[in-house]
Amino acid sequence: MQNPFTTTFSKVPENTYIHTEKTDEILENFLYDNPSELVYKITGVRGSGKTVILAKVEEELKSNGNKYINWLVFDVNPTRNILGQIAAMLVKEGFGSNDKKLSGASIPATILGTGGGIGYTRNDDFFDIGVEVETMIQAAQKKGKKILIGIDEVSKSEEMVKFASEYGRWLRAGYPVYFVCTGLYENIQELSNVKNLTFFRRATTVKTEPLNMIRMTEMYRSKLNIDGEQAQKMAKITKGYAYAFQELGVLCFKKKAEETLEDILPMLKAELFAYSYEKIWEEMTELDRFLASLLTEKEEYKREEVLKLMGERAGSYSMYRDRLIKRGILNSRQGYISLALPYFAEYIKEYCVGA
């Protein structure tokens, strides 16, 4: 039997996907004739399911044609010519290829990822890709089409800034072009602070949340054929961290009959440490690491306890805390804070403190 769990980053689990209300939030808004939001920024810690939310939004708009009518879904690579990719996708959908006004447009093979263009020859020294794409969007609008542009893992790059600048113009013009992206908190913030990208800074941010405990328990119970008590114990170990949920499922599926859950936990820790936490720690600032390192001796800390541990840096507590909460590294509840990721405290103590 094939393992129903997967630990491949950016891959949507087919058999162990756990529904999140964040997907519904975005899709429900897109159903309105005049939605309040056309842009969503999905953020969260690595391995928390950002890409899955985006992929599910794209999948629903593509596959549920009875509910979501006349949608074009463009999944764009942020490391390549973004406007060029959108132009190529619009041409492929039939917008522009029969329009004489676009006869000067050229869609190069490097953009299409194929052996050649789509029958265009550029002979206009004043060709502007932004103008050409806007003309094609207008043609799509006349046909009653709505366009979703999805970009996974955005960051402040020359291509992203060019695209965002053009998109801001489309937004002001009222074109039916929607934009959903994912990114780490710090990358989203850096792009949001680019001059003249006010729309992106003000766009709705959707933060990933821990997976639902009951849904995780039921998934473990049904897919691994184990009793409810064991399944609940496994779900609690993951703390709702999506990557840990999948990894523990993989290990439990592969374990030998004589092995117990305790036997495979060291392997879970090793996978989390090597393939997730090392990168997360590397991307944290020195100040972020300082606060996280103070929270490794017990499950939760009162605000007053942390302030005492911080000493001279106590005045910056709120800033440190809020940033780590937004990054998905800390949980906060009624005056208490704790590390959000399973075994992250062990990772810090074993591999980071004093290193």
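Trainee: What is the strand order in the open sheet of 3 strands?
Mentor: The order is β6-β8-β7, and the pairing is antiparallel. Keep in mind that this is a predicted model.

Trainee: Which strands are the edge strands there?
Mentor: β6, residues 301-302, and β7, residues 330-333, are the edge strands, and each pairs on one side only.

Trainee: How many bridges are there between β7 and β8?
Mentor: There are 4 bridges between β7 and β8, in the antiparallel sense, with β8 covering residues 336-339. As one example, Asn331 stands opposite Ser338 of β8.

Trainee: Which ring does Arg333 lie over?
Mentor: Arg333 lies over the face of Tyr336, 5.0 Å from the ring centre. Another case is Lys298, which lies over the face of Tyr301 at 5.2 Å from the ring centre.

Trainee: Different topic. How many strands and helices does the protein chain have?
Mentor: The protein chain has 8 strands and 16 helices. Its C-alpha trace spans about 70 × 55 × 40 Å along the principal axes.

Trainee: What share of the residues is buried?
Mentor: Of the 355 residues in the protein chain, 48% are buried. The chain exposes about 18,200 Å², and 46% of that comes from carbon and sulfur atoms.

Trainee: And β1, is it mostly covered or mostly open?
Mentor: Strand β1, residues 39-43, is mostly covered, with 5 of its 5 residues buried.

Trainee: Which way do the residues of β1 point?
Mentor: Val39, Lys41 and Thr43 point one way, Tyr40 and Ile42 point the other way, and all are buried. In a regular strand, side chains alternate between the two faces of the sheet.

Trainee: Which strands does β1 pair with?
Mentor: One is β4, residues 177-183, which pairs with β1 in the parallel sense over 5 bridges. In that pairing, Tyr40 has Val180 of β4 as its bridge partner. β1 also pairs with β5, residues 204-207, in the parallel sense over 4 bridges. There, Lys41 has Thr205 of β5 as its bridge partner.

Trainee: Now the rings. How many aromatic pairs does a search of the whole structure find?
Mentor: The search finds 26 aromatic pairs. Take Phe5 and Tyr220: their ring centres are 5.8 Å apart and their planes are at 40°, so the pair is tilted.

Trainee: Where do Phe5 and Tyr220 lie?
Mentor: Phe5 lies in the segment before α1 (21-30), while Tyr220 is in helix α9, residues 213-224, so the pair ties together parts that are 215 residues apart in sequence.

Trainee: Why does Phe5 count as buried?
Mentor: Because its relative accessibility is 5%, and buried means under 20%. Tyr220 also counts as buried, because its relative accessibility is 0%.

Trainee: What about Phe163 and Trp170, how far apart are the ring centres?
Mentor: The centres of Phe163 and Trp170 are 6.2 Å apart and the planes are at 75°, so this pair is edge-to-face. Both Phe163 and Trp170 are buried.

Trainee: Which residues form the aromatic cluster?
Mentor: One aromatic cluster is formed by Tyr241, Tyr243, Phe273, Tyr277, Trp281, Phe344, Tyr347 and Tyr351.

Trainee: I clicked on Tyr185. Where is its place?
Mentor: Tyr185 is in helix α7, residues 185-192. Tyr185 is buried, with a relative accessible area of 17%.

Trainee: Leaving aside neighbours within four places in sequence, what is Tyr185 in contact with?
Mentor: Tyr185 is then in contact with Thr43, Arg323, Lys326 and Arg327.

Trainee: Last one. What is the average pLDDT of the protein chain?
Mentor: The average pLDDT is 91, and 91% of the residues score at least 70. Over residues 98-105 the pLDDT is below 50, and this stretch has 16 contacts in the model beyond near neighbours in sequence. Over residues 109-121 the pLDDT is also below 50, and that stretch has 31 such contacts in the model.

Conventions
Residues numbered from 1 in each chain as written. Predicted model: local features only at pLDDT ≥ 70, side-chain atom pairs only at ≥ 80, totals over all residues. Heavy atoms only, no water. Pairing = 2+ DSSP bridges. Helix = DSSP H or I, 4+ residues; strand = E, 2+ residues; numbered from the N terminus. Phe/Tyr/Trp six-rings, centres within 6.5 Å; stacked < 30°, edge-to-face > 60°. Buried < 20%, exposed > 50% of the residue type's maximum accessible area, 1.4 Å probe, protein only. Lys NZ or Arg CZ within 6 Å of the ring centre and 35° of its normal. Contact = heavy atoms within 4.5 Å. Areas by Shrake-Rupley, 256 points an atom, 1.4 Å probe, with all protein chains shown as cover. pLDDT = per-residue confidence, 0-100.
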